[in-house]
Every structure is written in C-alpha cells, then in structure tokens.
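Me: Please take one part of this model and examine it closely. I would like the charged side chains and their surroundings, with the cut-off behind each term.

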Amino acid sequence: MNYLPLIIKREYLTKVKNKAFIIMTFLSPLIMIGLISVVAYLIQMNNSKVRQVSVLDESGLVQHIFKDTENTKYTILEGITLENAKAVVKEKGDYGLLHVLKIDKLNEASKNIRFYSEDSPSLTLINSLGNKIEKELTNINMHRMNVDPEVIETSKISIDIAQESFSGKKTSKVDSGTKIIFGVIAGYLLFMFIIIYGNMIMRSVIEEKTSRIIEVIISSVKPVQLMLGKIIGTSLVGITQFVIWIILGSVLIVVVSLIFGIDIAQMGMPQQEIIEQAMQGSGNDVEKAQQFMNAFFNLPLTNLIIAFILFFISGYLLYSSLYAAIGAAVDNETDTQQFMMPIILPLILAVYVGGFTVIEDPHGTVSTIFSFIPFTSPVVMLMRIPFGVPLWQQGLSLLLLIGTFMATVWFAAKIYRVGILMYGKKPTYRELIKWLKY
Amino acid sequence: MSNLLEVHSVSKKFGEFTALNNVSISVPKGSIFGLLGPNGAGKTTLIRVINQITMPDQGHVLLDSEPLQSYHVKDIGYLPEERGLYKSMKVGEQALYLAQLKGMEKREAKKRLKMWFERLEIGDWWNKKIQELSKGMAQKIQFVVTVLHEPKLLIFDEPFSGFDPINANLIKDEILRLRDEGATVIFSTHRMESVEELCDHIALIHKSNKVLDGNLMDIKRNYKTNTYEIGIESLNNTNLEQELKSKFQVSPAEFKTLGDELKVHIKLSQNETANDLLSYLTTKGQVSHFVEVVPSANDIFIQTVKNN
C-alpha cells in the first residue's frame, strides 16, 4: 500500500508548524538585513569622518596638487624643519604628515617621499596620495623630456575584444561575468540546500529512533517508504523556507534602503576615491545595465532552468539519502561526525573546483571530469552550464548521477532498515557493511 | 480449533549470530498465546518476523492459512517493547496518523479514537502534546493505537510495563474483552503471574530455539510430579514424620496455617493415588491441609531454561 503522501504530509506539517522553524524562517532574514544595515551604517559613518593631512613639500613640485575633498582636508606646511613639522602635526592631532624631500632624479622619487602617522595609515588613503603624486611627477617628467601629455592622452586607444563563437553567437566580457554569477549562484544554492536540509533529515531520523516510535511505524510501512517520505517532506519544507526567505529578504532590503537611505548597491565600494576611479574606467550606468540585460538574455535560459531543476533534484536526493542513512546508523547527533566527513568532502571539493577551475576554464579537462563524477557533478555541472555545455555531456552526466542516486538510495535503505532498530553502541564502517547483508 | 498464525521452521541469522533456529509455533484462533523466554532468547526477532519488519532467512509464516503479504499489516496490531510516540505532536493528530498508516479511513479512525478515549477516560488529552503526558499516560495511548484498527492478531510485548496496578488491570480487562470479541493475542512477557492469569497456550524460546510449547494446562499436567502438600496434626509430630519417611518420599514444606501441624511434601510413585495417601493419613491424625502441587508457569520456565 502506498502511504508515501501521508508520510510526506506529516513530515511537512510537523516541521512547518514547529515553533523553532517559524521563528528561524521569519527571524533570520530580519537578522541578516539588520546586520547588513549596521555594517553599512558603520561604513558610512567611517566615510563621513574627515581626515586632516599635513603636507611638507621641500621639493615644491607637488604641493599644489592636494585639493581638499569631502573626507580629506590638506594643510600645506612651509618653512619649517621635518622635526618641527612632526611635532606640530602630532600636537594638532592630525591624521598624518606627508613629507617630500628635494627630488634630484625624478625616476628615484619614491626614496624621497614618506608618510608619518600615529598608527598605520589607511591603505586607500596612501594609495590615493601615491597615485596623485605619480600622475603629477609623470607629467613633469614628460615636459622635461619634451613630450606633450595632451598628445599621450589623445593617442591612447582602448580595446574591448568582441567575442563570437564559430556558430555566430556574440559574447563579451560582461557576458562571462554574468555566466559566472549565475553558475556560482546555482552551485552554491545547491551546496547550501544539501547541508541545511540534509542535516534536517538526519535529525528527523534520529528523533524517530530516540523517541522509539520507529518500530511502531515500520510495522505498518516499509522502511524505504518512510525514508523517501522523510526526504521528500523535508525537501518541501526547504523549498518553502527558501521561497519565504527570498520574498521576505527582497521586501526588507527595499524597506531598509528606503528608510535609512543606504545605497545597498554601493556598499561593496566604501571609499569615495575608489568609486571615483571606477567611474572613470567604465562607461555610464545605463549602458552597463543594457549590456547586463543583453548578457542575461544571451544565456541558454531554457537549458539552464531545466538542467537546474534536474541536477538540483538528483544531486539533493543523492546526498540526502546518505544523510538519512547516517541518521539511522547512530543514536544521537554527536555520533554523526565520523560519518559526515566522507559526505562533506566531495561537496567542498565540488565547490572549490567550481569556484576556481570552472571560472578560469569552463571546458577544461578538470572541470569536465568533475562535472561527470556523480558526487561533484551536480554543483560543477550547474556552474558550467551557463557557459554552454553540449547536451550529450549534460545527458550523460545526469544519467550517471541518477544511476548513482539509485545506488545510494538502495544502500541507504539497507543501512536505514537495519540501523533504525539498532540501539547502543556507535557502529563502525565494517559493521555498516555487514548490515548490507542482513 | 484452527490456527490463526502458523510459523514454520523459521531461521534468522545476523552475521555469525543465530537469532532464531528452526522455530515453529502455532497460535490457535481466539487464544491468548504466551511467548516466553529469557532476555535475548529471540522473542523480539520472532515477533519482528511476524510483523514483516525482519525477513527470515528460512521458513515461512502463514496468517489465516495465507503466506504473509504486505497487506497483512492491517490485520496485525503490534505494541513493541521499545515503544514511543512523537514527542512534539499532539495526541489526537498522532493517533490519527498511526491509524491511517494501518489503512484506516480518517473519519472512521477519528470516530473510533473518540470512542476509545471515552472508554479509557482520556478524552481531554486530544490536544495535548506527548511530552506533557506521563509515561503511563503515553502507554495508554499506545495501547489504543495498537488495537484501534481491530486487527485479527494482536501482539503485545511487555504490555504492562510502566502501568500502575489500576491501569494494568484496566488494560488486562481490555485484552480479555478483545479476545472475547474474536481477536487472537500473542503476549510476550517476563511477568509469570500474568501468564498464569491470561494465557491458555505458551511457547518457550531459549537460546534461539523453541524448547517448549502447547496448551498451558497440558504442559502443567506433564510437569506435575504427583506431589502433595500436606498438613496433619498428631500427638507426636516427630514420630509421625519418621513413620512417613519410611513409607514415602518426604520433603519439608512451608505454608501458613493456624495450628501447629506437621507440614510436608509427599511425592507418590506411579501406582499410588491421592486417595490411598489420604485414607492412610486419616488413620494417623487430623488432616488440615491436602493440596496437589501444580507446577507454576514460573517453575516450568526456570526448570526448562536450566535443563537446556
């Protein structure tokens, strides 16, 4: 008789109605957004702090280039010795003192420039000062060599190599970036999903063991049915939670940025200087967004969605059946560590291979091999697919994955069937193998 | 009387360990069948084989003359020794879930649950969580869940453990009532007084083998030693004892009486009868006590286990 729907329903309802689950689901986006807001707020506060920098320029070459900005104010010191200048700056409580000695050879100017401060200074400030001086000295040098900087500037040519496949598909650098983003999101999502909900399945199996209800239940249903019911029920719980998180998260981000006026998009680049630099390098925002949209629609979307669903489900089932088997083999959560390692390792390997190799060379030997090995293929293949993987490769990898998935479910069911009735000492690997024959 | 359950030469090994060795039992329809044996003898494995939790290596099981099939789970109600319920689920929901797993319709299950909860006076527990209940209370619910789907065969493993005497009695009466309504009961326990009280058939399993089975009365008849417990008042107890010892096989006995009688066990040989003994004794003094010694289930259990 088929009690699978009944088991799934119970698994789902008891988990979703659980107080801890409800609190977790609704509180964690709040906490996350709260944390992000605090960090953003702190960065803004840090930015709005004004730094006083004194400049003692004995060469007289560069002191005119230091113009006050919103966050950095310059004071030009003249006609005093370095020792006096240091004392003055220290007394005033300035951020630091930039000292430029007389410069004989412009090529070796670095030797003559030094920044004095109480603590080690902000790296961005030092870089920005260095860039300013470098630009000015280069200009002076050009003049000395009778080169007009205007000519150099106008003679510069910028190149953005357009890419096109043999079959005529046009791509660009933005395309590659978009592909990496989609691949990495898909891969990490699966990774997170397996870790979080695999553990949930394991705990739920252990709970049935420790509450000793298991024997009552398996006198009514087959252990395999119970195991599959648990896995599917818990997965539905996971999907529910993820959907709530995504919706709640997006709403909260909008609300928070409206209330506090924090521009979330700029948070990655806190220092004004960097933003300025970035703005110079690229075209305008509208053009960028346009490029991104193009890149997005250039992705093999249908393939991506179908492959995502298939690889996600099979990969998740593969790992979760192993989690269920571990839960059945032990009596309590502390005993699970020993058995978790062999499961976590291939997962982490997959994420590393995906994160480094695939991004570098999506169709290289290493990436290709790992996208076929069943324990790493769900993550690695999902990361490769945005770059365009031949359908036969996807199909073969999926077949291998499904084959292995059936084998692990069979294996897990065997362990599960025996394990749920075993109490007492923690089994060894050898005992687990013996259980397969019971 | 036909048999509801027949176990035919079932063997089960776990690796090197033999849990059941060629065990056969027959459980007559409408009987209360005691499945006895020391700890670790293989009772639980046998019960699990009957419940299709464990598959036997050899042998087969017939329920109502049919080989066991997966649909038979609804004909069996099983109360395991290691039992529990979902701690954080409500009593009513949980009982409904377990009943549905046994193939009952939700509405029917609810109706019968209400009835049982009324009968055992636990109606107000419906919305409580198991973790709010005491162990004995949870046991009551487990009992209800076991019998709810009115199975032909009920298997109870230590049903009275965790109950106070009042509730144990209540459960005992329910078991007897279920038997009278047509159910067959397999009853596994270490408490010999409840075997004495309830069982009409028993099987004794020891070290994976069945060492004894049959009708409890027949077994007792086989185990009786033709011994009588006697209390007799005479003028000189010491002399009388000497005299008895010269004629019969005598051993001292202990039981409570009001007077100061001579108390002995006398074992008769095959061709002597109780009447012969009694008429002889009446010539020697005042007989105040004359009882045939019937072996208790406890004696039979200990004796059989020791002999094997």
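Reply: Arg10(A) and Glu11(A) are both buried, that is, under 20% relative accessible area, whereas exposed means over 50% and partly exposed lies in between (1.4 Å probe, protein chains only). The model is predicted, so local features need pLDDT of at least 70 and side-chain atom pairs pLDDT 80 or more, while totals for chains, interfaces and linings use all residues; side-chain values use heavy atoms, without hydrogens or water. Residues are numbered from 1 along each chain as its sequence is written, with chains lettered from A and ligands numbered from 1 in the order written.

Arg10(A) and Glu11(A) form a salt bridge, with their closest N and O atoms 3.2 Å apart; the term requires a side-chain nitrogen of Lys or Arg within 4 Å of a carboxyl oxygen of Asp or Glu. By this rule there are 29 salt bridges over all chains. In chain B, Arg191(B) and Glu193(B) are paired at 3.7 Å between the closest N and O atoms, and Arg191(B) is partly exposed at 35% relative accessible area. Another pair is Lys210(B) with Asp213(B), at 3.4 Å; Asp213(B) is partly exposed at 33%, as is Lys210(B) at 29%. Salt bridges with shared partners link Arg10(A), Glu11(A), Lys15(A), Glu208(A) and Lys230(A) into one network.

Lys12(B), in strand 1 (residues 3-14) of chain B, is buried at 4% relative accessible area. The side chain of Lys12(B) makes a polar contact of 3.4 Å with that of Asp57(B). Such a contact is a pair of N or O atoms within 3.5 Å; within protein, one must be able to donate a hydrogen and the other to accept it, and residues adjacent in sequence count only if both atoms are side-chain atoms.

Between the chains, 23 residues of chain A are in contact with 28 residues of chain B, contact being heavy atoms within 4.5 Å. Chain A and chain B share 3 salt bridges, and Lys17(A) meets Glu93(B) in a salt bridge at 3.6 Å, N to O. Helix 1 (4-17), helix 6 (173-210) and helix 7 (214-218) of chain A each supply at least two residues of the side that touches chain B; helices are DSSP runs of H or I with at least four residues, strands runs of E with at least two, numbered from the N terminus. Helix 1 of chain A gives the largest share of that side, 6 residues.
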